[in-house]
Amino acid sequence: MKIATSLIAALFLASAATAVMPDDPAKIDTCTKPGVVALTFDDGPGMYNDQLLALLAKKNVKATFFVLGSMIAANAQQAGALKKILAGGHQLASHTYSHGNLDAMTEDAMRLEISKTSDIMFQHAGVRPAYMRAPEGRCAAACTKVMEGLGLVISHWNVDTNDWRFKDLAPATAADKSMEEINKVIIQDSNPATDSFILLEHEIHKFSVDLVAERVIDTITAKGYKFVTMEECVGKPSYLTGSVVPPVVPPTTNTTGPAVPPTTGPVVPPSAGVTTGAPQKTSSGPIVPTITTGNKGANSAGLVRAGAWAMGVAAAVGFAML
Ligand SMILES: [Zn+2]
């Protein structure tokens, strides 16, 4: 008994050290149907985004981009990447604003990470993502409650290139190592008739875009899987109510013309137990309303609607600031 307890403790410590495997069903790490792979790219939009989009177009693969609000804010070129991603038929999702550890934040700080990213994505691409991925996969009970309260799908993964670990190696070596888990878990040990995957890669490492992405696509396609977005993988819409998803064909308009306010869709009043406070100025971001959930008995659909509604208010207020 004592040995068993020690073993369990050791396993727990080992998993805590790696720290990223899901510990509750709220974290989605597999698709709802077999034979598909959701290819996901984190930490962008980065400087290799155009190159990656060209590869995905050539391979006719649709992917999901978990982008950082801070990267979008960093410069206009990266902000412009959001529309290119949408024009390519890919899905945009949130990887928070600062890439900080959500589990070390207050609930208000967690909400701000989401709302600031949602606002800047709406300003640049008209969408408010319904899918989020916690930096390093760190989203414990308090974080899970906040994200679900905002109506977000907490997106984990079940196979990893681990590309970031190899970024300092020679590119060919780094690419080989980034394929190791893919080869083991998907190519050797899986069956497209029964299995599905959410695959993690990063778009900010040159070797990963130069060498890994194409190998991932070719080997997994040859195994018999089809690549899908997270929306198709999970079966829930990509974006929250109030999003204005642009047409797939990229606009040919100039970027210096007058801003056209977006429509924000039907406004759904919040349910009981959810109130939207007066807009508050944040230290570095746009004006956002506070969202408080006071009634634990409120149903989750109501919370989703209310969260979307509140974000729509934030959008309208934020846009008026432009
Ligand atoms: Zn990340």
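Across the whole structure of this predicted model, a search finds 2 aromatic pairs. The rings of F41 and F65 form a stacked pair, whereas those of F197 and Y225 form an edge-to-face pair. The points below take these pairs in turn and then move to charges over rings, the strands and the zinc site.

**Aromatic pairs**

- The ring centres of F41 and F65 are 5.6 Å apart and the ring planes meet at 25°; because planes under 30 degrees apart count as stacked, this pair is stacked.
- F41 belongs to strand 2 and F65 to strand 3, so their pairing ties together parts that are 24 residues apart in sequence.
- F41 and F65 are both buried.
- For F197 and Y225, the ring centres are 5.8 Å apart and the planes are at 75°; because planes over 60 degrees apart count as edge-to-face, this pair is edge-to-face.

**Charges over rings**

- The charged end of K116 is placed over the ring of Y97, at 4.1 Å from the ring centre.
- R133 has its charged end over the ring of F66, at 4.3 Å from the ring centre.

**Strands 3 and 4**

- Strand 3 (residues 64-67) pairs with strand 4 in the parallel sense, over 4 bridges.
- F65, a member of the stacked pair, stands opposite L92 in strand 4.
- In a regular strand, side chains alternate between the two faces of the sheet.
- In strand 4 (residues 91-94), Q91 and A93 point one way, while L92 and S94 point the other way.
- Q91, L92, A93 and S94 are all buried.

**The zinc site**

- The zinc ion is coordinated at 2.1 Å by D43 through OD, and by H95 and H99 through NE2.
- Along the chain, the donors of the zinc ion follow the spacing D-x51-H-x3-H.
- D43 counts as buried because its relative accessibility is 11%, and buried means under 20%.
- H99, at 28% relative accessibility, counts as partly exposed.

Note on methods: Residues numbered from 1 in each chain as written. Predicted model: local features only at pLDDT ≥ 70, side-chain atom pairs only at ≥ 80, totals over all residues. Heavy atoms only, no water. Buried < 20%, exposed > 50% of the residue type's maximum accessible area, 1.4 Å probe, protein only. Helix = DSSP H or I, 4+ residues; strand = E, 2+ residues; numbered from the N terminus. Pairing = 2+ DSSP bridges. Donors = N, O, S within 2.8 Å, 3.2 Å for Na, K, Ca; no water. Phe/Tyr/Trp six-rings, centres within 6.5 Å; stacked < 30°, edge-to-face > 60°. Lys NZ or Arg CZ within 6 Å of the ring centre and 35° of its normal.
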